[in-house]
Each structure stands twice: as structure tokens, then as C-alpha cells.
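Please keep the sequence and the model in view while reading.

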Amino acid sequence: MSRPDDSPRHAPGLFARSLTLLFVLLLALPVLALVPALRPTPLDLQENRNLTPWPDLVSLSLAEIPRVVELFVADHFPFRTHLVAAYITVMERWLGVPVDAHLLGKHGELFFVMSEENTVRDFMGMKPLAQDELLRRRAYLTGLQAWCEGQGVAYLFMLGPNKTTIHPEWLPDWVQAQQGRTRREQFLAMMAGTPVPVLDVSPEFVERKDAGRLFNIRSDTAHWNGRGLRLANELLVEAVRRRLPGLPEVDTTARMHLREERAVTVYDEETVPLLVFSDALSLRYDHTPAFLATVADMPSIWLKPYRIVNDALPRTPGSAVLFSSDSYFSTHVGQGGMPGTAADTPWFPTPLPYLFHTFVHFHHDAMTRPALERFFRDERPSLLVHAYAERSMLWPWHLMDPELMALGEAVLGTPLLELTQASVGNVASGDVPDGAPWDIREPTVIPLPETTADAFGRVVIAGRVQRTLGEGPLHLGIRGGTEEISVTITQSDEVFCVSVPCPPNAAVRLTASLSPRGEGRWLVQEPELLRQFRQFRQAGTTGGR
């Protein structure tokens, strides 16, 4: 039989008692902080959302109450803002890992790490454009340029660089060590060999960056300052003069001046050069009602179009220019109106108004073909400048006109099969003459002519369909490539341009099927732009001026 342990028991020491007390206090701290007198004052984190309000429990079911109360507590528990601030400090200041909309680089520089404009991920090669997306943009821009040239309008695409492209040395070392291929490099490589004139100002910016700061104050993640705008404008005017050598001899550089202004950032004070245009009294600002009506139903267009008329120049055919861009090219500097004009008059982003009688500036998202057709008719411009920011390269170009893409594919020599009666022969309706609209009332299988895929392994099928009777979509199916393509057409009048993957440089024979769904009845016709393309291709007007 074992004897009881008669050894003396030791009472907890001071350290153990203190540790126990601290543990109990930590557990009780959130509860104690609920007392108004003890509740800590929240820090202002400037969050980009509204915090969850206290729910109306009476209107909720018993099963919903725990979830909504949990959301409220997650946003309002004591010390929440202090813990978030500590987390941001550790991650960004100590470890250099971005947790907010921006990445803090060297010398207090900020860089985009938000949404699709994540310039840091782009610099690291983590957000590349797929080849098919690159090819679609290549075809779209080529078609847009060919369409402009076919109507006597010169076209110029201008690409503005990211801050990461010009100043990689401002990025944290861990980012620089993981540099990859950017979307800009992908895009420029894909556009090489096309007739599209592309003005990339990045090399000149890199060459001039040591002579003076080219980007805005440190708390701005993307925009050029006045010095950067002046350099971009000089390069733009030089490129325009190469395209249109007959422009008036006006010294535009003399009209661009820099004004130094003191700017206060979250880090320090610094002098920021603002670009100022002088001699603006000969220009008058005017609205463009036709264009405003065109974009009235597009709520995403925040940069409304404006029109500047230079009365010092005569109004003649080809004396207008259209300039499409975003805030990158008009920037946040120079707010407040032009000299000699009303305070709410916007600043024009380039000195081009001195070279053209009429200057129209609008957001690039509004550059639809119907809008351009209206302005080409009304203003008879000689030039369209399409300015795009590198940081926006990943955004889907949702306004890529399929007819312009089909036109671009034809210009570039990609095998293009037109789904029309005249192109595929008398397949489904023996009494329809060539060139007439092709009536599709029931599922129709269409064997397409044999062709050879291009070096990228692509064949393009284009066409136009119109629903004339009934309701319901139209199903387009294409077989014969490396994968089956299925497209659902829901609009009553729609042009399509479908790229079919095939073995590169291989002879292929594709089969298309058009199947009305529901009671719809559809006409198949030739896209108008392809007819125009054949006309001015024969005249030799494509390929630039």
C-alpha cells in the first residue's frame, strides 16, 4: 500500500501570479473597453468603405441575427483600428509588403497595387496579357488605323509609361529582384510589323529622368508633373508633324511654361512643376452637343468631352484633331481654367490646339465607331490621337469593335472567312442570289472553304446577323480547329469576329453552324467595313501616310 505524499506543496511564485493576472486582464480587456469611460478613441484609418451599422434586429429572422451581429462586432470591437494600424506598420514599414491600395517604395514614393492597374505586379511580370488578348488588340488597332486612313484621317497611338517603367530604382529591393516582362513590352512586341504608328515615350523619359523629376508629387502614384507633360507634349507634336508635315509653323514649345508650386505631401514639402499654357486668349472653349449626346448613356465616362476653337486659324477641311485619353494626359495639375477664360474651363492637355482650328478631347472609353463616324462627318479631322496609359493596359478594351477587328485581321493577312452567302456558296437556300441577305430559319450547317492558319495558329470567321422575326438568341458553333468554339448572339443586330485556334501554318477546313434558339429568324449579311476594306485596299490607301 502506497503512502500519501507528505512533501510540502509550494505556493505559486510572484511571476506565475503576475502571468495569470495578465492573462485574465487580456481576456477581460475587450469587455472593459465597452465601458464608455474606458473605451479607446478609434484611429482614423480613412477606410474606403462604410463600416457595418448596428442591424435592425426586429426585422431579421432568428437564423440571420448571429451573422449580422458578427459583421458589426468585426468592424467595431475595441482596439480594432489600433491593431490594423500596427499590422500595416509591420507589413509596409518593416517588411515592405503592400497591404493597402499603394506600395511604399524608396524615398517615400507610392506605387499602384490596386485592382487591374497594379503596376507593381505588372513590373514583376505577374499580370501578363494572354496571347489571344494581345492579338485581339493588335487586330483592333490595325483595323481602326486602316479605317481612319481609308477616310483620309491620320491615326497615331500614344503610350504613356508607368512610374515603375521609368523609375524601377524607386521600388523596394525585393520588387526589383523579381522584375519580369511587362504588358508594355508584350504589347510593343506584338505591334511590331503592323502599319499602326505607335509613339512610346518611355525611352526619352528614361534618358531625361536625371535632369529633373518627371512624375507628380510623391503621394501621387501615376501622373506626370508639368515637366513630364512638357516632354510628352514635345514628343507628341514632333510625331504629329511627321504624320502631317503641312501644319502651321507655330512654336508650341514657347507656349508651354513651367510654374513651380509648393506642394505638401504626407512625407514632406517639395516643389512641383506645373505646366502652364500661355497665349490662350486666341482660343475659345465650346461644347460639343453631338458628342455629349453620344456619350450621355455611358455613366462610366467621367472625363466629359470638350472642344477648343482656335479662331486664329482658318476653318478648312482637315483643320480639326480628335484627342482621346484619360487623366494621364491631362493630369491633376493645372486645375482652374485657362488664362482669359472662365474658371471652370478645362485645361487642354496638349499644345495641339495651336496647330488645328478645332481640337476635341474626350475619354478613350467613349471612342466608339458611331461617335467617331459622327465627328468625322461633322469636323472632317485630319488626325486622331489615341493616347493610352500603360497602367490601363490590363483593363479589357470592351469597346473593341468586332468589325474593326475583322478589318484589322484582313489588313494583317490573317486568314479571314466571311460567313455570308456569297462567301460560302449556295448552302441552305437555293433560291437566294449571291450577295443577298441569307435567311436562317432553322439549324444550318455551313462547310467553310479550306484555308491555311497563320503563324499564330489562327483562322478568323467574321459575319453580321440580324434578327428579323420572333425572339431568342442565335447559337454560332465552329468545329475543325484545335477546339470547338461556341458563341451565343443575343443582340438583334450584331457583328462578330471569332478567332479559331488551329495548328500553326496548317491547312484546315472548318464547319460553322447557325442555330436559332426560340422563335427567332435571322438574316446573315456582309459586314459593311469589310466591303469598304476591299475598296480602299484596291486603292492602296492602307498602311499609313
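Phe15, Leu19, Leu22 and Leu26 together form a nonpolar patch on the surface, with about 450 Å² of accessible area. The model is a predicted one, in which local features need pLDDT of at least 70 and side-chain atom pairs count only at pLDDT 80 or more, while totals for chains, interfaces and linings use all residues. Residues are numbered from 1 along each chain as its sequence is written, and side-chain values use heavy atoms, with hydrogens and water left out.

- Leucine 22 lies in helix 1, which covers residues 14-32 (helices are DSSP runs of H or I with at least four residues, strands are runs of E with at least two, and both are numbered from the N terminus).
- Leucine 22 counts as partly exposed because its relative accessibility is 47%, where buried means under 20% relative accessible area, exposed over 50%, and partly exposed in between, with a 1.4 Å probe and protein chains only.

**Serine 202**

- Serine 202 is part of helix 9, residues 202-208, and it counts as buried because its relative accessibility is 2%.
- Leaving aside residues up to four places away in sequence, serine 202 touches Pro161, Thr165, Ile166 and Arg184 (contact means heavy atoms within 4.5 Å).

**The whole chain**

- The protein chain contains 16 helices and 22 strands, and buried residues make up 48% of its 545 residues.
- Of the contacts in the protein chain between residues at least 6 apart in sequence, 76% join residues at least 24 apart.

Note on methods:
Patches are made of residues with over 30% relative accessible area and no salt bridge: like charges are joined within 9 Å, nonpolar side chains (Val, Leu, Ile, Met, Phe, Trp, Tyr) within 5 Å. Accessible areas come from the Shrake-Rupley method with a 1.4 Å probe; for residues, only the protein chains shown count as cover. A salt bridge is a side-chain nitrogen of Lys or Arg within 4 Å of a carboxyl oxygen of Asp or Glu.
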